[in-house]
Amino acid sequence: MKPARLRTPPHASARLRNLAVLATAPFWLPIQCLRHRGHFFDGIERAIDALFREAPFRHAAQRAGIQRVNPFVRFPGIDREQVFLVPGHWTSSHEQIEYPLLAALCSLLKPQNIFEFGTYFGEATLMFAKASPDARIQTLNIPEDVAPSQGISAIQAGELISNSQIGKLFKGTPEENRITQILCDSAKFDDSERQQQYDFIWVDAGHSYENVMTDSRHALKMVSPGGHVFWHDFDSSQPGVVRALTEIAREHKLFWIEKTSIVGFEKL
Ligand SMILES: C[S@@+](CC[C@H](N)C(=O)[O-])C[C@H]1O[C@@H](n2cnc3c(N)ncnc32)[C@H](O)[C@@H]1O
């Protein structure tokens, strides 16, 4: 009888191959990184972001007691069709769902007096006006010849636009006559005649901590009983907004609308 040939078990050759791959990694890894740099670095960036920005951000919101709410539970009368107007749906990105959601909130809450901090081109202003046909809207933005007294972040510097650009999207529309523009640095804004006057306030001007604190103080004085204040850009890429809102949450019951960067407050 022929003696059985001694054969190397298959898993041993695989182990050898893996060892060779590992040992030569310093040569092929940089080449692979360069070849797939888009996806590879995207993946790494996303992992770093999740670990160092997203997780601490969510933790800070939770510690501050900002309650995460489902909009359809918090506002049961909301028209889902209106929220899902755009392609994509409730699982899609912030930008796609936030404006339809705000429009649906306007349709439900029927505000009569809306105030907006931060007009920019007037996209949200026009959306508020269309969704609230009975409302008057006041929208405030810093004019071109005024430097923001509390500074502006590098990301936002590009948002300092000329007076002719501010609100250009609602100019010439049927809604324009219900919209009043205020050109003013919000830090210098005098709210003394506007206390408890507005049932819907949108805070979306400067995003530094100081800006958001100042605008929020105005908004919390200006909102009427039963009215709402909503803030934009509560997400890990806006540390000023996050810091300000987690601080405000110590004294005011804020809620964060899940899958959006919108935080709200209802004045009882
Ligand atoms: C994010 S944009 C507003 C976007 C707009 N609310 C929308 O949803 O379409 C911010 C706007 O705030 C303005 N802004 C920045 N700092 C300001 C300040 N201190 N006072 C008033 N407006 C300011 C900028 O010029 C810019 O037009």
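## Helix H7 and its cover

Within helix H7, the buried residues are Ala124, Thr125, Leu126, Phe128, Ala129 and Ala131. The cover over these buried residues of H7 includes H6, S2, S3, S4 and S5. The model is a predicted one.

Helix H6 (residues 94-109) packs against helix H7 (residues 123-131) at an angle of about 35°, and the two axes are 8 Å apart. The crossing of H6 and H7 is right-handed. On the H6 side, the contact is made by Tyr99, Leu102, Ala103, Cys106 and Ser107, and on the H7 side by Ala124, Met127, Phe128 and Ala131. Divided by class, this contact of H6 with H7 holds 8 nonpolar residues, 1 polar residue and no charged residues. As a general point, an α-helix has 3.6 residues a turn, so residues three or four places apart point the same way. Two of the H7 residues in this contact, Ala124 and Phe128, are also among the buried residues of the helix.

## Overall composition

The protein chain has 268 residues, of which 31% count as buried. Its secondary structure comprises 9 helices and 8 strands. Among the contacts with a separation of 6 or more, 71% are between residues 24 or more positions apart.

## The sheet

The 8 strands form an open sheet with mixed pairing, in the order S1-S7-S8-S6-S5-S2-S3-S4. Strand S1 (67-69) and strand S4 (179-183) are the edge strands, each pairing on one side only. On average, and with direction ignored, neighbouring strands of this sheet are turned by 20° against each other. Helix H8 (residues 209-222) packs on the sheet, where it touches S2, strand S5 (198-203) and strand S6 (223-231); the direction of H8 makes about 170° with that of S5.

Several pairings can be followed residue by residue. Strand S2 (residues 113-117) pairs with S3 in the parallel sense over 5 bridges, and phenylalanine 117 stands opposite leucine 140 in S3. S2 also runs parallel to S5, to which it is joined by 4 bridges; here isoleucine 114 stands opposite phenylalanine 200. S5 in turn pairs with S6 in the parallel sense over 5 bridges, with valine 223 in S6 as the bridge partner of tyrosine 198. How many residues of S5 are buried? The strand is mostly covered, with 6 of its 6 residues buried. In a regular strand, side chains alternate between the two faces of the sheet.

## Surroundings of the ligand

The ligand is surrounded by 20 residues, and the closest are Gly118, Tyr120, Ala124, Ser186 and Gly206. H7 and strand S3 (136-141) are the elements that give two or more residues to this shell. By class, the residues of the shell divide into 9 nonpolar, 6 polar and 5 charged.

Tyrosine 120 belongs to the loop between S2 and H7. Is tyrosine 120 buried or exposed? It counts as buried because it has 20 C-beta neighbours inside 10 Å, and the cut-off for a buried residue is 20 or more. Leaving aside residues up to four places away in sequence, tyrosine 120 touches Asn141 and Glu159. Tyrosine 120 and isoleucine 142 are 22 residues apart in sequence, with a C-alpha to C-alpha distance of 9.2 Å in space.

## Residues with positive phi

Most residues other than glycine have a negative phi. Aspartate 233, although not a glycine, has a positive phi of about 70°. Aspartate 233 is located in the loop between S6 and helix H9 (239-248). Because it has 19 C-beta neighbours inside 10 Å, aspartate 233 counts as partly exposed.

Lysine 259 is likewise not a glycine and has a positive phi, of about 65°. The loop that holds lysine 259 lies between strand S7 (254-257) and strand S8 (263-266). With 17 C-beta neighbours inside 10 Å, lysine 259 therefore counts as partly exposed.

Conventions
Residues are numbered from 1 along each chain as its sequence is written. This is a predicted model: local features need pLDDT of at least 70, side-chain atom pairs count only at pLDDT 80 or more; totals for chains, interfaces and linings use all residues. A residue is buried if 20 or more other C-beta atoms lie within 10 Å of its own, exposed if 12 or fewer, and partly exposed in between; C-beta atoms are placed from the backbone. Two residues are in contact if their C-beta atoms, placed from the backbone, lie within 7 Å. Axes are lines fitted to C-alpha atoms, for helices over the stretch in contact, and angles run from 0 to 180 degrees between N-to-C directions. A crossing is left-handed if the near helix is turned anticlockwise from the far one by less than a right angle, and right-handed if clockwise. Ala, Val, Leu, Ile, Met, Phe, Trp, Tyr, Cys and Pro count as nonpolar, Asp, Glu, Lys and Arg as charged, and the others, Gly among them, as polar. A residue is near a molecule or strand if its C-beta atom, placed from the backbone, lies within 6 Å of it. Two strands pair if DSSP finds at least two bridges between them.
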